[in-house]
Amino acid sequence: LFRLTMKRLSSTSHSSVDSKEMKKFQLLAHKWWDEEGEYSALHSMNDIRVPFIRDTLLNMGRNYHLGNPLSGVKILDVGCGGGLLSEPLARLGASVTGIDPLEDNIRTADQHKSFDPVLDKRIEYKSCSLEEIVEESMETFDVIVASEVVEHVADLEMFINCCSQVLKPGGSLFITTINKTQLSYVLGVVVAEKIIGIVPEGTHEWEKFVPPEELERLLESNGFSVKTVNGMLYNPLSGSWSWMENTSINYAMHAVKLAAREQPSPTDELSEMESKKHSATAGAAE
């Protein structure tokens with residue numbers, strides 16, 4: 001099945017990378033590490049997304065290495081940009097591969113990690129798309145992180161399918177993104193981009209925002225089990241992020257790739273539908 005999917009992916013010129021999105025980010029590639037600049041909100045997001053990833057993995061029963069809690073964990077950071085998330089994950093001991101289709105982003109990320117010999121050993125950056133590494137990386141990674149990425153991809157289903165292929169069974173996928181609501185349009189586009197300018201204008205297209213229900217459906221149809229969905233809130237006055245129950249603006253999701261034997265087969269699903277139908281008609285007959 002994997003091979004067939006791979007052939008299908010490679011035989012078309014179809015890609016999850018959106019060239020319009022690439023042009024937007026190219027202009028900002030040198031600004032990734034300016035904590036007060038266009039990416040300040042992503043810098044401060046590390047205060048909640050890094051502990052979320054670390055604590056979720058430790059709670060799944062990982063052996064704790066003092067000082068290096070993620071030692072031995074292979075992480076793929078998809079759409080890594082300048083390495084804002086790759087670096088703190090590597091500092092926790094993980095072995096991180098960061099990929100981004102934009103060469104300028106990878107150049108910036110490479111240059112920044114080179115200042116720290118420990119990070120230099122633990123992180124490898126590649127300028128490529130996710131689908132370009134699928135064949136060489138089948139079931140290679142323990143963890144995939146796609147933070148603030150899915151709202152920029154051209155084909156979300158293909159993207160999730162590729163994530164499933166490069167993740168080991170039982171592996172974790174962490175996603176942070178923006179919901180598709182009227183509130184997210186007002187706050188995420190109008191206020192953030194046009195009024196207070198914490199995000200460069202044109203960064204987001206509301207049409208590409210993904211509701212958590214849709215993302216959950218896509219993940220489950222590609223062999224994942226969704227474990228957690230948390231709302232996130234950014235306070236532009238304090239420049240800080242916090243967790244909240246409401247997912248109507250930003251949210252984070254953790255999903256686990258099921259082993260093949262745990263995934264429902266089409267016949268299981270059919271028999272489940274049949275039994276539901278049967279119980280419904282039985283209920284009606286009473």
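What is the volume of the largest cavity? The largest cavity has a volume of about 50 Å³, a volume being the space filled by probe spheres set on grid points that are joined across faces, edges and corners.

## Basis and overall make-up

This is a predicted model, in which local features need pLDDT of at least 70 and side-chain atom pairs count only at pLDDT 80 or more, while totals for chains, interfaces and linings use all residues. Residues are numbered from 1 along each chain as its sequence is written, and side-chain values use heavy atoms, with hydrogens and water left out.

The chain has 11 helices and 8 strands; these are DSSP runs numbered from the N terminus, with helices being H or I of at least four residues and strands E of at least two. Of the 286 residues in the chain, 50% are buried. Buried means under 20% relative accessible area, exposed over 50%, and partly exposed in between, with a 1.4 Å probe and protein chains only. Among contacts between residues at least 6 apart in sequence, 72% join residues at least 24 apart, where contact means heavy atoms within 4.5 Å.

## Nonpolar cores

The largest nonpolar core has 33 residues, and Leu-70, Ile-75 and Leu-89 have the most contacts inside it. A nonpolar core is a set of buried Ala, Val, Leu, Ile, Met, Phe, Trp, Tyr and Cys residues joined through side-chain atoms within 4.5 Å. At least two residues of this core come from each of helix 3 (40-59), helix 4 (86-91), helix 5 (103-113), strand 3 (123-127), strand 4 (141-147) and strand 6 (224-235). Helix 3 gives the largest share, 8 residues. Another core, of 32 residues, lies apart from it and includes Cys-128, Phe-141, Ile-175 and Tyr-251.

Leu-70 is placed in the loop between helix 3 and strand 1 (74-78) and is buried at 0% relative accessibility. Leaving aside neighbours within four places in sequence, Leu-70 is in contact with Arg-54, Leu-57, Ile-75, Leu-89, Leu-92, Gly-93 and Ala-94. Leu-70 and Arg-54 are 16 residues apart in sequence, with 7.2 Å between them from C-alpha to C-alpha. With residues up to four places away not counted, Ile-75 touches Leu-70, Leu-89, Ala-94, Ser-95, Val-96, Thr-97, Phe-141, Val-143 and Val-145.

## Cavity

The structure holds 1 cavity of 30 Å³ or more. On a 1 Å grid over the protein atoms alone, a cavity is a set of points where a 1.4 Å probe fits but cannot get out, and lining residues have an atom within 4 Å of a point.

The lining of the largest cavity consists of Arg-49, Phe-52, Ile-53, Leu-85, Val-145, Ser-147, Phe-174, Ile-175, Thr-176, Ala-252 and Met-253. Helix 3, strand 4, strand 5 (167-178) and strand 8 (250-257) each supply at least two of the lining residues. By class, the lining has 8 nonpolar, 2 polar and 1 charged residues; Ala, Val, Leu, Ile, Met, Phe, Trp, Tyr, Cys and Pro count as nonpolar, Asp, Glu, Lys and Arg as charged, and the others, Gly among them, as polar.

## Cysteines

A search of the whole structure finds 0 disulfides, a disulfide being a pair of cysteine sulfur atoms within 2.5 Å. For Cys-80, the nearest cysteine sulfur is that of Cys-128, 9.0 Å away. Cys-80 is buried, with a relative accessible area of 6%. For Cys-162, the nearest cysteine sulfur is that of Cys-163, 7.3 Å away, and Cys-162 is buried at 0% relative accessibility.

## Individual positions

Two glutamates have a positive phi. Glu-139, in the loop between helix 7 (130-133) and strand 4, has a phi of about 45° and is partly exposed at 32% relative accessibility. Glu-148, in the loop between strand 4 and helix 8 (156-166), has a phi of about 60° and is buried, with a relative accessible area of 14%.

Ser-129 lies in the loop between strand 3 and helix 7 and is buried, with a relative accessible area of 6%. Gly-170 is in strand 5 and is partly exposed at 42% relative accessibility. Not counting residues up to four places away in sequence, Gly-170 touches Met-60, Val-256 and Lys-257. Gly-170 and Ala-260 are 90 residues apart in sequence and 9.9 Å apart in space, C-alpha to C-alpha.

Definitions and conventions:
1 Å grid on protein atoms, 1.4 Å probe; cavity = no way out; pocket = protein on both sides within 12 Å on 5 of 7 lines; lining within 4 Å.
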